[in-house]
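Please read them with the structure open beside you.

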Amino acid sequence: MRLDKLRRLAVGAILIMGGALGLISQASAESGCLSCHKGIEDIRDPNSAMMLMIKGMGAQHGDSEGCVVCHGGNPNETKDKNKAHRGSPDKLRMAKGPQLFYPDPGAMDINKYTCGQAGCHQGYPDRLEKALMNTEAGKIQGNLHTWGIPEVQNHKVPWGNYDVKDGDGPVPTVGTPEYKAYMKDMMAAHKDQFPTELKQVPQPSVAEIEKDPKLAGFTYQRQQCQRCHVTVKGREKRGDYRGQGCSSCHVPYGNEGLYEGNDPTIDKTQKGHMLTHQLQATRKSVVKTENAEYSGIPVETCNSCHNRGKRIGVTYQGLMEFPYGSPWNAKGGKQPKLHTKKYLFISDDLHHQYNKSRPGNPPGGMLCQDCHTTIDMHGDGNLPGTTLAQVEIECQDCHGTPEMYPWELPLGYGEEFEKDLSKAKPRGLADQPLQETAAYATVYPKGDGYLKTTRGNPFGNVAKKGKKVILHSATGNDFEVPILKQIKLDGTWKDQAAMVAMSRVKKHNEKLECYACHASWVPQCYGCHVQVNYGKDKSGKPYHDTDWIASGTKRNPDGSTAESPLGTKGIQSPGKVFETRSYLRWEDPVLGINGEGRVTPLMPGCQVVYTVIDRNNKTIALNQIALSEDERKELGQKRTPLAIDMAPVQPHSAQRKARTCESCHDNPKALGYGIAGGVFQTRYVEDIVEDLIDQKTGKPIPKNGNYKIQVPKIAALDFDWSTIIKDGQQVQTVGTHWPLSRALPKEVRDGMERTGLCMGCHREMTNAELWAKVSTPGTLNDQQHIEMLNKLLRTYAASKDKK
């Protein structure tokens, strides 16, 4: 029997039982929880199956409003808040031991008794515990690699935020049989990327760090990088307010952290509260506030976390962090900080753009969840070690290729890992969505069938309808998806360049990620200068800061953690991190090979150069960069690359107008040779002094001690941060997770590079007689140049025909 039918039957049974027992009116709005919280919003629409089920379950325990089903507590205590929130003499069946009050029912550890209790979202808490949103295993491995921590090289020791095991074997707990078979094979082929157990990332003592300064990377990891996992509530800063566990995504928090509902007990001026006491989820979960009515999970909810690291959330919105805060606002000030940063708007992803003139489609943009599946976000019950291990989608899943419709593609297309799929069977269409989709999400008409992900699961919101593919957005809008094969058959390419790049140059589709061209900008934060200071501040107090992993480890019976109550800072650990950068760019991203074996944009991952100061305020490591000996062995080259990383990325910055041919084929930066071929910023290896200089010797004229070093050296860095190939060898890491990721190989670079082709004609400008015969007075524009070269090509072809 399908899960959705079971849930409907359960709702009916509970309501009948509640009525028969005469419990529905036992705790009315005047005598139960609402005697204090009168006016608070229903968590879901009062007539929804979920809300009816909650109230029916609550009625069995003396709470007709159902508050105790999620929050616990004692609905019969209406005078004493402490007693009401302490527990109930009636032990609810969904909890262990004495019933407690749960301030955030979505919090990890207790969500299996609330969100995941019998009859509700069973299985989700277990999946989430093992998913990357909670373990952050890939982030830990990637960052510590750049510090030279040997345990993470090639995933030797899999670390996560907490100890967790995958005790049920390699077969996922959710997904179609096709998906489960696909993942079983993938895990067998990539055992390092799918650990069976994670151990909590350690924190060495300060004494150990002072002996081996690279161990300061653990302090950096725990204080700076791990605040976004869902066990903790995160940082109390503008744009970062959110809940815990399930509530991290499903309870709305505005950027200002202010409550806009009607519960009289919640302070509307105190920052850090939810926007409204309602759940946001799929199209059928409509959230109503005084100012708006919407469905789906807004992009900014995702961005309470996805604003650092790969920055895919803010990039999707078109934002690139910049230090200036310009332009001035009406009060003469700079822009307010968001996620503790100031931003420059570049161009949002085409899927996000609000476009009133979009032919045949509504004007609104898409949400993250419109592409990303339940497995992408909640996991599948296994332990992924990296993003690629968990995310199951590719662009071609919806758009296909110029040669094949999406349903004609084989499973695994787009993530071939160098396998030959030419004889694999088409993936086809699905007749029904996943059981989890049917049970909990909005079910859309299947039309001719649901499209499938590259790993074999149906997209429950994307269906074929005749010649069209329709994407049903959680916002309430329906979009027609551009299908490349249909565009080719109809001859409706936007321009010749699109037709040539996507249809005529076959290798583009075979070897490139779609976003290698369509992501024409990528946030590039070059050089991550990290100082970890274990000394004392100006007042003489030792530096310390929040340890997000230690804070999340201290879990209280009510689901709260050491840092989750508003105004607390959690468990503090010694040392404090200070960060800055070398420079920022967004244009012409570098290209490389990703873990799937395809050409992809790269972005500076963790390009860490670290400085460590001990408890006596003495610098014990200055501008150090680690080496990656394992990378050298994998590449089989003489030079050992630096452990700083240029990471393969799906940047979420796709544009309708892709990057130009020249931006790759005539661009040394794109090929990996660095900005302008790496000719700039070549003196990192020496201290730069700017004073009176003797130009004959290059030495300062003032005596030593009377001048200062303007730019301190980074001894290991003999190239610009944007350079990944120097003298034919890879000089920094390109991806730390998958063995195929690396810089563009020489044969690929040689096949791509067309720098200097202008001289094929223009060198003859030195031959005045010849040039006079082929040139005319004036200047040719770009189109005239193109037509002239096309005429030469056709003339050459005609001459061949005559022979």
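1. In this predicted model, strand β9 (residues 458-465) is joined to strand β10 (residues 468-472) by 4 bridges, and the two run antiparallel. Strands here are DSSP runs of E, at least two residues long, numbered from the N terminus, and two strands pair if DSSP finds at least two bridges between them. Valine 462 stands opposite leucine 471 of β10, and the hairpin that β9 and β10 form has 2 residues between them, with glycine 466 in the turn at a positive phi of about 65°.

2. On to the next pairing: β10 is also joined to β11, by 3 bridges and again antiparallel, and here leucine 471 stands opposite phenylalanine 479 in β11. The hairpin of β10 and β11 has 5 residues between the strands, and glycine 476 takes a positive phi near 110°. Of the 5 residues in β10, 4 are buried (under 20% relative accessible area, 1.4 Å probe, protein chains only).

3. The open sheet has 4 strands in the order β8-β9-β10-β11, with antiparallel pairing. Its edge strands, each pairing on one side only, are β8 (449-452) and β11 (478-480).

4. As for confidence, the protein averages a pLDDT (the predictor's confidence in each residue, from 0 to 100) of 91, and 94% of the residues score at least 70. Over residues 14-27, however, the pLDDT is below 50, and it stays under 50 over residues 89-98. Where pLDDT is low, the predicted coordinates should not be read in detail.

5. Residues are numbered from 1 along each chain as its sequence is written, and side-chain values use heavy atoms, leaving out hydrogens and water. Local features need pLDDT of at least 70 and side-chain atom pairs count only at pLDDT 80 or more, whereas totals for chains, interfaces and linings use all residues.

Conventions. Contact = heavy atoms within 4.5 Å. Buried < 20%, exposed > 50% of the residue type's maximum accessible area, 1.4 Å probe, protein only.
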